[in-house]
Amino acid sequence: MKSILTIMFVVACLVLSAQFPMGGGQKGPSIKGKIEGQVIDSISGQAVGFATVSMKKKGSVVLLDGVLTDENGFFKLENVVNGNYDLIFSFLGYNEKKVLAETTLKAPDLNMGKVYLVPANYVLDAVEIKEERVLIENKADKLVFNAENDASIAGGDASDVLRKVPMLSVDLNGNVSLRGSQNVRILINGKPSGMFSSNVADALKMFPADQIKKVEVITSPSAKYDAEGSAGIINIITKKQNVEGIAGSINASAGNRQNSLFTNLNAGKGRLGLSSGAAIFYSTPASGKTSFYREDQTTTGARIFSQEGSQKTSRLGGNGSLSAFYDFNGYNSINTSLTFRGFGFDLNGTTNGLLNDPTLGLSDSFIRTNTGDNFFGGYDWNTDYTRKFEKKEGQELSLGVQYSRQNNNQDFMINEVHDLEFLNRDSSTVYNEGVNHETTAQIDYVHPFSKAVKLETGAKAVIRYIISDYTTQQLTFPEGYLPINETFKYYQNVYSGYGSLNWLIASKYSLITGLRYENTSISGKFDKQSDLDFNAKPYDNLLPNIAISRTFKNFRTLKLSYSQRLQRPSLFYINPFSNNSDFLNRTQGNPDLNPEIVHQVELAYNFTYKGFTTFSSLFYKNTQGIIEQILSIDDNGLSVNTFQNIGTNNSIGINTFITKTVSLLTLRTGGNLATYNANGQINGVSASRSSYEYNLFLNGEVKISGTLKSDFFGFFRSPVRTIQGDNPAFTIYGMGLRKEFKNSSIGITLIEPFNADKFFKTNIVTDAFTQRSSFSIPFRSIGVNFRYKFGNVDFKERKSKVKNSDLKQGSEGQNMNTPNN
């Protein structure tokens, strides 16, 4: 730790002591003219629309003017005073190009003809570009879903967006899987957020779909990314804009299920820019039915628990952001941002149940009424300083710091009336107040040896401090409920360093290889039950990766990659708080969990043939110490859901994506298929299971006219396999229509018009017991969306250098008896 922090301090002092070079010039006779031309893709020969053209004095770092090319690649810089200029051409997915342009008193107008840009491969980059893109783009290192071009997601939340992304699947409760695994790392604009530190599903529901510009999926991240997220990385790019002048937008949606309002306002002048945004959303109360049945055999007969009930849920939340940047000059800049959020989830329900336990001679019926008041909120603050070097293009040093805080509060009030009076609960409280503090310091350095070889290296320290203050009850027969009040403190420190080499060979081969080292130390303390304290031995991981790709003519690419990654459990998994709001089926975390270690090999190929574009990949994944939710029976015969490292899982899978455009119609289809082969132990007893999972999707769009577009989609996901049983399958379909005007648009969305309600079932079968549960929720949805924008946008690239991706993030709905809808 000391060595890493010392390196950061020394490099920071050297950088901050450097002088900031400034440009200058002399005046003389002058005349104004214009510079024009066309930007072309050097391989395909097609025009590059909406590329950025920046103009500077020759040798200067000061930006004088800039434009975007039109949809046919043409650009024009007007009112240009005669002289020598550097024109810089750039666009996402291409190498930047600098061209010398000269205008004179005799020839003030210059036509540069065709300017060719060479395609290049880039990794995770939160670049904002104002243009109409195709809905799905398949790049060499990632797949991009341009959400803002989809009319059918307006008025929804982030989980609705992710359901449309190839390779991803999202179940009813918002749990996200990539190729069948929920071990994904979700970033916002290329950086982590404390909102995902505990429950990913709830976090996605507090994120309006209208805030999302695009989603990037990376299945084989390089060594520069944290080792966490064994399945891959999902990067959500928002519509935050950095502008020259003033610009903003308003998006409003209203419907029978979800309602939202999103606004943003941006201002920029020269080298200083400010950006802000805010959103509020509300889900109307939804009523559903639940059922639960568990049976196990005892020496005295069958023990049976059952219950049925109804519940009503509603959600209200919002988020906001403030960010600013300042360019000292062309080589030194600083960027800072603050994001904050708050999300409330209310639940009210009534349940009738039966309990028959022959081993204790108990027979009981009861009625339960419960209210739940949950709050999830927090903020992230980060600041980055970037130093570029004048002598070598692409050489860059960056320093970043970030602090995140996330509050996760659960508060349940329970009343139960039993035939057996010792089981009664009168206004009993089950409460948990969780706080997650996270501080990060990071340094990154990029050194290009040549245009074909680039080295990336850096170091990082992440300090986590988690507090869980909870009040719950422990049920014992025949005494009844005993109160438990406890505070659990969890400490986790991660120190890492990496080196990654990018090498372009003979213009057709690309090699990325690297090694990441991570050191982790953890400890836990209880205020009252000090005998449960633990101070785990630190563990070290060396995590290699290598990827080689070969490009062919006609836009074909073949890629082979290997990576080793790990998955640490987050607060959702380790919190020892026992949530027994349902005493028959309680949930509790496990602070003794170890991280998962994952080895993955992937072979991917994409090509275009007769208008069909397809992307397919084969993969093999070996997971050691896989973490799953396990159901067991406690000493009182009641169900307990917790988490365990059950053993290993070897998975082989394939995913494919195909798209075809015919006239005004574009169709996309594909899916994922993967095996599930788990072997291990549950509570010391050997267990294994072999099965498979799959999902299929079909979506498309119809361009009725230049300003009227219709979208449609359908999705099916098979049951999610665990070593003990199956969680529910999931299907959804919908459609949307959007009309564009000059500065505004209006649209309508329709989800599941023929299904007022949907039912979802979970089955767990072991040698010891059988458990079935189900729930239903209203599903038919219709909504109207309105968007309005104002001002002139000149996009600039702004991204944080801090990217934490080292926690296995919690998911919702694994205990399917208490869905959050």
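Colleague: What pLDDT does the protein chain average?

Modeller: pLDDT is the predictor's confidence in each residue, from 0 to 100. In the protein chain, 85% of the residues score at least 70. The chain average is 82.

Colleague: Where is confidence lowest, and where is it highest?

Modeller: Helices here are DSSP runs of H or I with at least four residues, strands are runs of E with at least two, and both are numbered from the N terminus. Where pLDDT is low, the predicted coordinates should not be read in detail. The lowest mean, 43, belongs to helix 1 (residues 2–16), and the highest, 93, to strand 21 (residues 396–418).

Colleague: How many bridges join strand 20 to strand 21?

Modeller: Two strands count as paired if DSSP finds at least two bridges between them. Strand 20 (residues 362–388) and strand 21 run antiparallel, and R387 has L397 in strand 21 as its bridge partner. The count of bridges is 23.

Colleague: In the open sheet of 4 strands, what is the strand order?

Modeller: The pairing in this sheet is antiparallel. Its edge strands are strand 3 (63–68) and strand 6 (97–103), each pairing on one side only. Strand 2 (residues 52–57) is joined to strand 3 by 5 bridges, with T52 partnered by L68. The order is 3-2-5-6.

Colleague: And why is one side of strand 4 and of strand 7 left without a neighbour in the sheet?

Modeller: These belong to an open sheet of 3 strands in the order 4-1-7, with mixed pairing. Strand 1 (residues 32–41) runs antiparallel to strand 4, joined by 6 bridges, and K32 pairs with V81 there. Strand 4 (74–81) and strand 7 (110–117) each lack a neighbour on one side because they stand at the edges, each with a single partner strand.

Colleague: Which residues have the most contacts inside the largest nonpolar core?

Modeller: A nonpolar core is a set of buried Ala, Val, Leu, Ile, Met, Phe, Trp, Tyr and Cys residues joined through side-chain atoms within 4.5 Å. Buried means under 20% relative accessible area, exposed over 50%, and partly exposed in between (1.4 Å probe, protein chains only). This core has 27 residues, and the ones with the most contacts inside it are L162, L204, I212, V215 and I234.

Colleague: Which side chain makes a polar contact with the side chain of N655?

Modeller: N655 lies in strand 33 and is buried, with a relative accessible area of 1%. A polar contact is a pair of N or O atoms within 3.5 Å; within protein, one must be able to donate a hydrogen and the other to accept it, and residues adjacent in sequence count only if both atoms are side-chain atoms. At 2.7 Å, the partner is S617.

Colleague: Is S663 buried or exposed?

Modeller: S663 sits in the loop between strand 33 (639–662) and strand 34 (665–682). Its phi is near 55 degrees, a positive value in a residue other than glycine. With a relative accessible area of 69%, S663 is exposed.

Colleague: What is the relative accessible area of N683?

Modeller: N683 lies in the loop between strand 34 and strand 35 (685–703). Phi of N683 is also positive, near 55 degrees, in a residue other than glycine. N683 counts as exposed because its relative accessible area is 51%.

Technical notes. Residues numbered from 1 in each chain as written. Predicted model: local features only at pLDDT ≥ 70, side-chain atom pairs only at ≥ 80, totals over all residues. Heavy atoms only, no water.
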